[in-house]
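Please read the briefing below alongside the sequence and the coordinates. It is arranged by topic so that each point can be checked in turn.

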Amino acid sequence: MTYCTEIKTLFETLGLAAPTDSAGGIAVHTPIDGSLLARVAPSTDAQVGAAIARAQARALSWRDSPAPKRGDLVRAFGEAVRRHKQPLGRLISLETGKIVQEGLGEVQEVVDICEFAVGLSRQLYGLSIASERAEHKLLETWHPLGVVGIISAFNFPMAVFAWNAALALVCGNTLVWKPSEKAPLSALALSGLLLQTSTELGLEAEGLSELLIGERAVGEALVAHPAVKLVSATGSTTMGRAVGIACAAQFKRSLLELGGNNAAIVCPSSNLELVVRGVAFSAAGTAGQRCTSLRRLIVHRSIYAALVAALVRVFERLPVGDPLADGTLVGPLIDQRAFDAMQQALKGARDAGAQVHFGDREAVGEAAAFYVRPAIVELATQSGPMLQETFAPILYVVPYDSFDEAIAINNAVSHGLSSAVFTQDLREAEVFTSARGSDCGIANVNIGTSGAEIGGAFGGEKETGGGRESGSDAWKAYMRRATNTINYGSSLPLAQGIRFEV
Ligand code: UN1
């Protein structure tokens, strides 16, 4: 069976119509061998406007539905996703080239956030605050925003939508989703399941979750539309900067989850066996195409040679190949552009005098598929391409002498998403996670930089955009806050003791 036929079968298994093959549509290729999976029709300007109008109309009734009832939809959706975990995971692998384990892991992330959001649907609480006036009370209440726009990247074509959608829906919002043009099939399947679930529950499905297919212009139309009250965007810093500026000009909220140039510090006391496993998963897993991928390793000089030698031994025999095959740990890069960017960065490193281990193309698959052996790049100091995020499996390694210096290296890049320290020294672990430690949104101890659980708030500082999605109190970004002063007395005392008698 060709991959193209398999896509049709997968949609059938999900009880959904296969994506219509539209002659002039956006061509979706599998990175596995570069073959065509489908051609998906882009949304026209009129369709974009109509979809947002439907979401705007539906938001008016959805906000009146009690939050725990809204949770019923998210519960049923999560159950449907759990039932279809295998085909959905397979679809992610076919469309993005993720290994099967990681495709399934991403689907699990969708299930997990749905469960979180169902519980949350009974915990959308505000505060009761002491008033300075007699017979008065101050309350904080939370209300839906209306339409939430979601822009997602190719590398997490289901989970990132779900983090936003599950929270935004229980918070009483409706959704308009613009997935990456490189992964619209995962989006068609997931939003198809959400609509199918709404219909099964007897809800009016129209406008609850609208899908827009297209490239940059479609995203721009979404961001520009006045009915969209929040834009949650995941992707490159360049994209996020444009979205952030456009939103700011309209006083519209944005929630940005952009790139990362994530580092781990390896201290002399660390358990090196654990370090090697943690580093291999974070740096080489997902072929380095997570925003949380480990890109920089800062190693104490006393263990530098031993650790680099151990990592070189592991990277040398990492199974690179067909992501659908058992035992493969590193699948293909998404496309030729990603491959070219990686080779460009490696060239820059070589020119700067770095010692480069691996990183070449592997002879797997067809000419239109881009498999590489993850690279290790040794530099004397942090410089050149190490200061930039390249969305590919390149692990830069530099030595350090003092722990303060290691923290300074960790913090000396423009992004601030994820970071880690490997140490058994309590003081180092505490300093790293303190105010003068890592400046990132995620600061881990004795685990790698990637693979966060959904229960914590996810996002980062600086050019990562500052937004937080997923767990903890990230739900607050999807609601507006009102402060209510209630006077239950029969006089009208003014705050600050002001006297104003008429
Ligand atoms: C992303 O790459 O955009 O922490 C998200 C992780 C995953 C999410 C990554 N839970 O690596």
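This is a predicted model: local features need pLDDT of at least 70, side-chain atom pairs count only at pLDDT 80 or more; totals for chains, interfaces and linings use all residues.

Residues are numbered from 1 along each chain as its sequence is written, and side-chain values use heavy atoms, with hydrogens and water left out. The ligand lies between domain 1 (3-258) and domain 2 (262-445), because both give residues to the shell around it; the domain bounds come from an automatic or database domain assignment.

**Ligand site**

- The residues around the ligand are E109, N155, F156, W163, E257, R290, C291, T292, S450, G451, A452 and F458, where a residue counts as near if one of its heavy atoms lies within 4 Å of the molecule.
- This shell divides into five nonpolar, four polar and three charged residues, with Ala, Val, Leu, Ile, Met, Phe, Trp, Tyr, Cys and Pro counted as nonpolar, Asp, Glu, Lys and Arg as charged, and the others, Gly among them, as polar.
- An N or O atom in the side chain of R290 is 2.8 Å from an oxygen atom of the ligand, and a polar side-chain atom of T292 lies 2.6 Å from a ligand oxygen atom.
- Taken alone the ligand exposes 320 Å², of which the protein buries 99%; accessible areas come from the Shrake-Rupley method with a 1.4 Å probe, and for residues only the protein chains shown count as cover.

- Strand β16 (residues 418-422) is largely enclosed by the rest of the structure, because five of its five residues are buried; buried means under 20% relative accessible area, exposed over 50%, and partly exposed in between (1.4 Å probe, protein chains only).
- Both faces of β16 are covered, with S418, A420 and F422 buried on one side and S419 and V421 buried on the other.
- In a regular strand the side chains alternate between the two faces of the sheet.
- β16 pairs in the parallel sense over four bridges with strand β10 (residues 262-266), and likewise in the parallel sense over four bridges with strand β17 (residues 442-445), two strands being paired if DSSP finds at least two bridges between them.
- S419 in β16 is the bridge partner of A263, and the bridge partner of S419 in β17 is A443.
- Helices (H or I, at least four residues) and strands (E, at least two) are DSSP runs, numbered from the N terminus.

**Individual residues**

- A249 lies in helix α9 (residues 237-249) and counts as exposed at 64% relative accessibility.
- A249 and A224 are 25 residues apart in sequence, and their C-alpha atoms are 9.8 Å apart in space.
- F251, in the loop between α9 and β9 (253-257), has a phi near 55°, a positive value in a residue other than glycine, and is exposed with a relative accessible area of 79%.
- S472, in the loop between β20 (469-470) and β21 (479-487), has a positive phi near 50° although the residue is other than glycine, and counts as partly exposed at 43% relative accessibility.
- E469 is placed in strand β20 and counts as buried at 0% relative accessibility.

Methods:
A polar contact is a pair of N or O atoms within 3.5 Å; within protein, one must be able to donate a hydrogen and the other to accept it, and residues adjacent in sequence count only if both atoms are side-chain atoms.
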